[in-house]
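Visitor: I am new to this one, and I would like a friendly tour. Could you show me around?

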Amino acid sequence: MVRHKNRYVVTVISQIEKDEAAALILKPASLHAAINNKVQQLYGDFGVAAIAAGFTAKYCNEKTRIAVIRVRHGPHRFVTSALPCIKTIENKRVKLNILYVGATIKQCFKFILVYQQQKYDQFCSKLKSDEEKAALKESIMNFDNLSKIT
Amino acid sequence: MEVVKGYFDYCISEQCLTSEDFTKTKKLLIELGYRTIAINQILEEANLEPKKKKKKGEPRDVIDIVPAPIDVTKYETKSPNYKKYHIIAILPLTQNAVQFACSNIDADILSYDPENKIPYKLTRKMYNQLIEKGFHYEILYAPAIQDSTQRKNMIQTSHIYHSFGKSKNVIISSGATSRMLLRGPYDIINLGIIFGLSEEQAKNSILHCARNVYLNAIGRSRGKTIMFVENICENSDESNRNVTKEVDLLLEEDDEEMELEQPAQKKTKQ
């Protein structure tokens with residue numbers, strides 16, 4: 001049985017002119033729309049049509065601003081090349097940074113876990129009480145969105 | 001059996017025939033290099049009254065059926081007009097319809113309407129099942145030239161064909177509603193690349209596969225057919241010459257001119 005190969009792209013969306021730690025709230029569909037628009041601009045109808053099958057983009061975590069994009073192997077090059085060109089999402093000036101491109105969601109998950117832990121440690125240094133830390137951990141290590149992507 | 005030769009275009013829309021001057025369209029098609037075309041008549045699920053076959057001297061007529069599964073069977077057996085069509089294409093609009101097509105319908109082409117996104121979920125199994133039954137998958141290029149959304153849908157669908165069945169048994173036809181949208185066969189071969197076809201596949205899609213469609217259609221209309229034997233009245237002189245030519249080629253390959261000048265002699269020699 002031949003299977004479909006996918007690529008999972010982990011990216012961080014950082015908002016320009018804002019502090020590192022500030023949360024960025026986005027609508028679920030807007031990242032998807034932004035990528036589609038940019039691919040349309042760069043590669044035209046062909047690009048949009050090529051990535052359309054099996055394409056999902058999920059914004060996972062508002063605190064660390066991680067997003068995971070799933071796209072078919074092959075046309076994923078359209079997406080990965082379009083990502084750095086995205087400048088605005090929902091009229092917010094943003095910058096996208098690709099952290100990791102993986103072939104399975106599991107590998108991505110492993111990567112994200114380590115990344116989130118790092119971020120958590122960074123954020124923790126500014127906090128004092130244990131309750132605050134626990135709440136932060138709760139919000140950072142929340143991967144509900146991510147499990148929906150598979 | 002009529003002799004068919006390439007290039008093929010299996011989806012000239014009916015509108016070309018009625019709204020415009022058909023002779024002009026025909027001339028253009030011949031100029032471009034097409035030798036076999038099919039006129040497309042669409043039969044929707046809603047109006048099950050069969051249309052009369054048009055007689056305009058074109059090689060064959062085509063009909064698209066949009067079936068509610070039960071209706072089609074009723075239709076196949078009852079309608080005498082059904083048999084008059086040379087090629088039958090189906091255009092499933094629901095998951096059920098495409099599954100029914102996999103198992104029961106005897107047709108030649110699985111078409112796709114680029115107005116909408118592909119309305120069913122294709123699987124590798126279904127794709128191969130249909131290929132085994134002799135189906136071909138149709139890609140229309142005229143809508144892809146005309147309009148952006150249709151272009152996206154068409155490209156997406158053709159890429160789905162590519163990922164599920166490596167674009168086996170794909171035919172490219174025009175689906176043109178006006179003369180302006182027709183393109184030459186060589187341009188189509190080049191256009192094939194955006195539909196995920198290699199150059200060879202693209203060429204086959206308007207020559208080899210399209211011929212297979214015709215052969216399958218003949219086979220379908222005559223029940224289960226493997227071989228076709230036909231009585232041909234032939235000019236005896238002509239055949240003699242052919243024989244001589246063959247023999248001659250076997251004997252002495254460099255003597256082609258002589259053979260053309262004196263066919264009779266060579267014959268006697270043999």
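Here is a conversation about the two chains and the place where they touch.

Visitor: Happy to start. How many helices and strands does chain A have?
Guide: Please keep in mind that this is a predicted model. Along its sequence, chain A follows the pattern β-α-β-β-α-β-β-α-α-α. Its secondary structure comes to five helices and five strands.

Visitor: What share of chain A counts as buried?
Guide: Chain A has 150 residues. A residue counts as buried when its relative accessible area is under 20%. By that cut-off, the buried share of chain A is 43%.

Visitor: Let us look at one residue there. Is Phe111(A) buried, partly exposed or exposed?
Guide: Phe111(A) sits in helix α3, residues 105-124 of chain A. Leaving aside neighbours within four places in sequence, Phe111(A) is in contact with Val10(A), Leu99(A) and Tyr100(A). Its relative accessible area is 27%, so Phe111(A) is partly exposed.

Visitor: Which residue does the side chain of Ser111(B) meet in a polar contact?
Guide: Ser111(B) lies in the loop between β5 (109-110) and α5 (124-132) of chain B. Its relative accessibility is 4%, so Ser111(B) counts as buried. At 2.6 Å, its side chain makes a polar contact with the side chain of Glu138(B).

Visitor: Is Ser167(B) buried or exposed?
Guide: Ser167(B) is found in the loop between α7 and β7 (170-173) of chain B. Its phi is near 55°, a positive value in a residue other than glycine. With a relative accessible area of 6%, Ser167(B) is buried.

Visitor: Now the meeting of the chains. How much area do chain B and chain A bury between them?
Guide: The contact takes 10 residues from chain B and 11 residues from chain A. Of the buried area, 64% is on carbon and sulfur atoms. The area is about 920 Å².

Visitor: How many salt bridges cross the interface of chain B and chain A?
Guide: The side chains of Asp45(A) and Arg151(B) meet in a salt bridge, at 2.7 Å from N to O. Across the interface of chain B and chain A, the count of salt bridges is two.
Visitor: Which element gives the most to the side of chain B that touches chain A?
Guide: By class, that side has three nonpolar, four polar and three charged residues. The element that gives the most, with eight residues, is α7(B).

Notes:
Residues numbered from 1 in each chain as written. Chains lettered and ligands numbered in written order. Predicted model: local features only at pLDDT ≥ 70, side-chain atom pairs only at ≥ 80, totals over all residues. Heavy atoms only, no water. Helix = DSSP H or I, 4+ residues; strand = E, 2+ residues; numbered from the N terminus. Buried < 20%, exposed > 50% of the residue type's maximum accessible area, 1.4 Å probe, protein only. Polar contact = N/O pair within 3.5 Å; in protein donor to acceptor, adjacent residues only side chain to side chain. Contact = heavy atoms within 4.5 Å. Buried area = accessible area lost by both parts, 1.4 Å probe. Salt bridge = Lys/Arg side-chain N within 4 Å of Asp/Glu carboxyl O. Nonpolar A, V, L, I, M, F, W, Y, C, P; charged D, E, K, R; others polar.
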